[in-house]
Structure formats: structure tokens, C-alpha cells
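Good morning. Please have a look at it first.

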Amino acid sequence: MSDTDRAALVRAESLGVSFGRTEVFRDLDLEVAPGSQVALTGRSGSGKTTLLLALAGLLPPSTGRVSWPGLDSDPHRRRAQVGMVFQAPSLMPELTALENVMLPLRLRGMGRSRARAAGLGALVDVAVADAADALPPQLSGGQQQRVAIARALAGDHRLVLADEPTGALDRAHAHDVVIALRDAVAAAGGALVVATHDPEVAAVLQRQIVISDQGHLSLRAVR
Ligand SMILES: Nc1ncnc2c1ncn2[C@@H]1O[C@H](COP(=O)(O)OP(=O)(O)O)[C@@H](O)[C@H]1O
Ligand SMILES: [Mg+2]
């Protein structure tokens, strides 16, 4: 393994984010190693979404810094190495499930047959391949979320950041979907950070980090 393979995929150092005079958090230190699975929990409004956006490089820090030692140094190529999954599946309703998964690959210039193979592979990984040709409105909420996860996985991302990916699902489906997400990211050798308010979802991941009301991080459990 080269040093780049072992290097942290994302590292936050003394990170602080404020919106105007509202400080969401400050002085956060966090490192996500290759292969690790992190649950980020904390009350609604504690800053989970804000932290994920900062870790994705989509929100500039107010103080401190975020770096990606194990990812490409070119910001454009680095963006392609980071996959995001959001709470609402946000699929294009007029495209089939497979076409939705293929879309970002096609936009990145991948040829049609390669994108199709990668898209089908990702749908298989999260056990929703039987819905490949269905339109999103024909699918259940759980299936739609699996398709959105497949879309985030299809690009072979080194780091996947998921924000309440099971927020729109009932308990039983939430558990299944987060396990499918965890196992698919692990099989691809990537790292996963899931922001969730659901302790049962957090419990299936290796490492649990809590944002306290004071905006500090604490490590709750490691298994
Ligand atoms: N774009 C924004 N402008 C102003 N305040 C924001 C913005 N985004 C989030 N906040 C505030 O930052 C705090 C953390 O929000 P958020 O990261 O969404 O928390 P969580 O995801 O844990 O529910 C909240 O008080 C929220 O109101
Ligand atoms: Mg949030």
C-alpha cells in the first residue's frame, strides 16, 4: 500500500462553521481513515448536515481547515471521489431507476455501455436491481432510497457522505437500507460517514461520533 492509500480521506482540524453570528460548532477535529464507517449523531440542529457539507468541501470553514490527504489534490477530480446521499432520494421522475444511476456517470463522460454496467452493478449491490427499468414514482420509498444510494455508489467513490439517508423510511426499511449502504461501501473499499438522528441506524456502524449541544465531538463507542 502506498502512503496515499493509507492517508486519511478527510481530516478536519480545529474546524469551525458559523452562519453570520450563529456559531454552529468550533474546534472540531475529525479524521476518516480508508475503510472506516462513522455514524455522526446529535440532536436536530446540532450541526450534522453542516459538518457533512464541510467534509465534502461544499461549505467553506469559518475557522480551521478541512483537507483530503488521501484523495486527489485536484478539486474537480476530488469531487468525483466523494459521493453524497441525501435524505430525500431526489430522483428524476421521468428517468428509469437505472437511467438515474447512470446519469452522473454519463455527465462525467463515461460511455453508455460502461455506465450501464456500472449502474446495474450498483443496483445489484443495494438489492434493487429488479427495479432497474421502473420509474421512481412506481417504487416504494425504500426502493427509491436504495436507487439514490446506488447512484452515489456507482462512481466508485473513496468516501461516501450520507445525510439522514434513512430519514424518509420506516424503522424496518431504515435498518435494511443502512446495512446495504454500509456493506456496498465496504465491498468497494471506501469509507462511509452517515449523519443520523436514529440510534438504531448509528448502531450498525463501526464508530459513533456525537455532536453535543455545545458543538463538541465525542466518541461514543468503537466496536
Ligand atoms: N445556510 C444556513 N444559514 C443559516 N443558518 C444555518 C444554515 N444552515 C444551517 N444553519 C443553522 O445551523 C445549525 C445546524 O444546522 P444543521 O447542520 O442543519 O443541523 P442538523 O443537520 O444536525 O439538524 C442550526 O441552528 C441551523 O439553523
Ligand atoms: Mg441535518
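What percentage of the 223 residues in the chain do buried residues make up? The share is 42%, where buried means that 20 or more other C-beta atoms lie within 10 Å of the residue's own, exposed means 12 or fewer, and partly exposed is in between, with C-beta atoms placed from the backbone.

Some housekeeping. This is a predicted model, in which local features need pLDDT of at least 70, side-chain atom pairs count only at pLDDT 80 or more, and totals for chains, interfaces and linings use all residues. Residues are numbered from 1 along each chain as its sequence is written, while chains are lettered from A and ligands numbered from 1 in the order in which they are written.

Now the chain. Its secondary structure comes to 8 helices and 9 strands; these are DSSP runs, helices being H or I with at least four residues and strands E with at least two, numbered from the N terminus. Along the principal axes, the C-alpha trace spans about 45 × 40 × 35 Å. Of the contacts with a separation of 6 or more, 70% are between residues 24 or more positions apart; a contact means C-beta atoms, placed from the backbone, within 7 Å.

Next, ligand 1. The residues around it include Phe 19, Thr 22, Lys 48 and Thr 49, and a residue counts as near if its C-beta atom, placed from the backbone, lies within 6 Å. Which element gives the largest share of this shell? That is H2, with 3 residues. Strand S2 (22-32) and helix H2 (48-55) each supply at least two.

Thr 22, from that shell, lies in strand S2. Thr 22 is exposed, because it has 7 other C-beta atoms within 10 Å. Between Thr 22 and Ala 80 there are 58 residues in sequence and 31 Å in space, C-alpha to C-alpha.

Last, helix H2. Lys 48, Leu 51, Leu 52, Ala 54 and Leu 55 are buried there. They cover an arc of only 160 degrees around the axis, so they sit on the same side of H2; the arc is that of the directions from the helix axis to the C-beta atoms. What do the buried residues of H2 pack against? Their partners are strands S1 (10-19), S3 (37-41), S4 (63-67), S6 (159-163), S7 (191-195) and S8 (207-211). After H2 comes Gly 57, with a positive phi near 80 degrees.

Technical notes: Two residues are in contact if their C-beta atoms, placed from the backbone, lie within 7 Å.
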